[in-house]
Amino acid sequence: MKHRIVVLGAGYAGAFAAGNLARRLSPADVEVTVVNADPVFVERMRLHQFAAGRDVAFRPLTEVFAGSGVRLRVARVTAVDPERATVAVTDEQGGGANGEGEIGYDTLLYALGSSVADHGVPGVAEHAFDVTGRASARRLRERLAGLGASGTVLVVGEGLTGIETVTEVAERRPDLSVALAARGELAAWLSPKARRHVRRAFDRLGIAVHEHTSIAAVEPTQAIAADGTALPAEVTVWTAGFAVHPLAAASGLAVAETGQILVDRTMRSVSHPDVYAAGDAVHAIGEHGQPLPMSCASAGVTNMQATGAIIARLTGREVPTVDLKYFGNHISLGRWDAVFQMVDGEARARSWSLRGRATSRLKAGVLLGAGWGVAHPTFGMPKRRRRVVAVPERAGVRGAA
Ligand SMILES: Cc1cc2nc3c(=O)[nH]c(=O)nc-3n(C[C@H](O)[C@H](O)[C@H](O)COP(=O)(O)OP(=O)(O)OC[C@H]3O[C@@H](n4cnc5c(N)ncnc54)[C@H](O)[C@@H]3O)c2cc1C
């Protein structure tokens, strides 16, 4: 019987990993299945552009995996049972009354990413928009398209996603009144030069900034700050937090407080050795001793480490060590401007940064490269179809070998 590798999620981490595994392991020994709720590859790093009204092409996953041998199952994962080594899904193929089905695995790679976190703030779930998924970004796109001149938009959150979203909306829709609510100072985490650059971009785009403002409630046409100030907002965009799916914690896998899966240096679950995790869903400790931030770059190194370990253990080779480093933040400021902020080993901003139009071209190249790389995970490497020689033990999980 073939060794069944099941990859949950076909985002930056999962799609790359599935293609990589299928191209490097022999199809005579291994079957690679990827389960994803969306039939297309969602380039999350473009979702703020899509939401603001830019044309973004979402490539069908059947195209992404064409010729790779990956089996695609478009289905929603509803549970993982690591004791029985099964995944519960719902889709058209599912035999149950509501399309429920079950997929068994020998090795599981969990890469379901993250979504918006409302931190319990009243009204966010009901009234706010977000850009964490294709469906929610489309809702925002449609709402913005229907918003007349002088309409008010408030982006909540001064992290990367907040800055990228507010600048994109202000650039695309100069007729709107666009503002950002920041809990602290705008871009305080950047180096002084990069911070000044961001402020100048905000001035140029006419974005109002409410600093030291925590939003305590969201209503249909306004957001209420903790001190009671009402900020006009026909559209509130919530970018103040990301959270992972509660599914990992509910499954009994060992997880961190964040709900991210706890793993060893090879991205293997510390509680269930036949489970690996990558991307936003993994609690991976970087070379500097801190958890890697949720980012495309972290999705890249964690999935490379996970796939390298899976292949090595199945084929009886030494497990490779991938450098788990995070170099910096590349933040777009609309279409024509950007900042690249280098960070040190402690994830603090270095004094060095890149800024301006050339940096935005670089970012456009990064986005293109990330999308292309997912469909060509073994580019430049020989597509060796390695034979499976060893089935890793499920040390003590079910007593099976
Ligand atoms: C607007 C925006 C801009 C960003 N910009 C940057 C940037 O410039 N640089 C950077 O490094 N990072 C950026 N990020 C963060 C980056 O996109 C994420 O860290 C990255 O996508 C994580 O990759 P992943 O594979 O773990 O998750 P994802 O890319 O989110 O993929 C997860 C996949 O799992 C699927 N899925 C989820 N739940 C289920 C389920 N129950 N059943 C089946 N399928 C499911 C989803 O459909 C998705 O395809 C940005 C994020 C956003 C939202």
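**Figure 1. Two domains in the predicted chain.** The protein chain is assigned domain 1 (3-113 + 245-326) and domain 2 (118-239 + 329-377); these bounds come from an automatic or database domain assignment. This is a predicted model: local features need pLDDT of at least 70, side-chain atom pairs count only at pLDDT 80 or more, and totals for chains, interfaces and linings use all residues. Residues are numbered from 1 along each chain as its sequence is written, and side-chain values use heavy atoms, with hydrogens and water left out. Between the C-alpha centres of domain 1 and domain 2 the distance is 28 Å.

**Figure 2. The interface between the domains.** Contact (heavy atoms within 4.5 Å) joins 31 residues of domain 1 to 29 residues of domain 2. The two domains bury about 2,700 Å² between them, and carbon and sulfur atoms give 59% of that area. Buried area is the accessible area (1.4 Å probe) that two parts lose on being put together, summed over both. His48, Arg54 and Tyr326 supply 24% of what domain 1 buries against domain 2, more than any other three residues.

Figure 3. Domain 1 and domain 2 share 3 salt bridges. A salt bridge is a side-chain nitrogen of Lys or Arg within 4 Å of a carboxyl oxygen of Asp or Glu. Arginine 141 pairs in this way with aspartate 55; their closest N and O atoms are 3.9 Å apart.

Figure 4. In one of them, aspartate 38 meets arginine 134, with the closest N and O atoms 2.7 Å apart. Aspartate 38 sits in the loop between β2 (30-36) and β3, arginine 134 in helix α5 (residues 134-145), 96 residues apart. Helices (H or I, at least four residues) and strands (E, at least two) are DSSP runs, numbered from the N terminus.

**Figure 5. Backbone atoms at the ligand.** A polar backbone atom of tyrosine 12 is 3.2 Å from a ligand oxygen atom. For alanine 13, a backbone N or O atom lies 2.8 Å from an oxygen atom of the ligand. Alanine 37 places a backbone N or O atom 3.0 Å from a nitrogen atom of the ligand.

Technical notes
A polar contact is a pair of N or O atoms within 3.5 Å; within protein, one must be able to donate a hydrogen and the other to accept it, and residues adjacent in sequence count only if both atoms are side-chain atoms.
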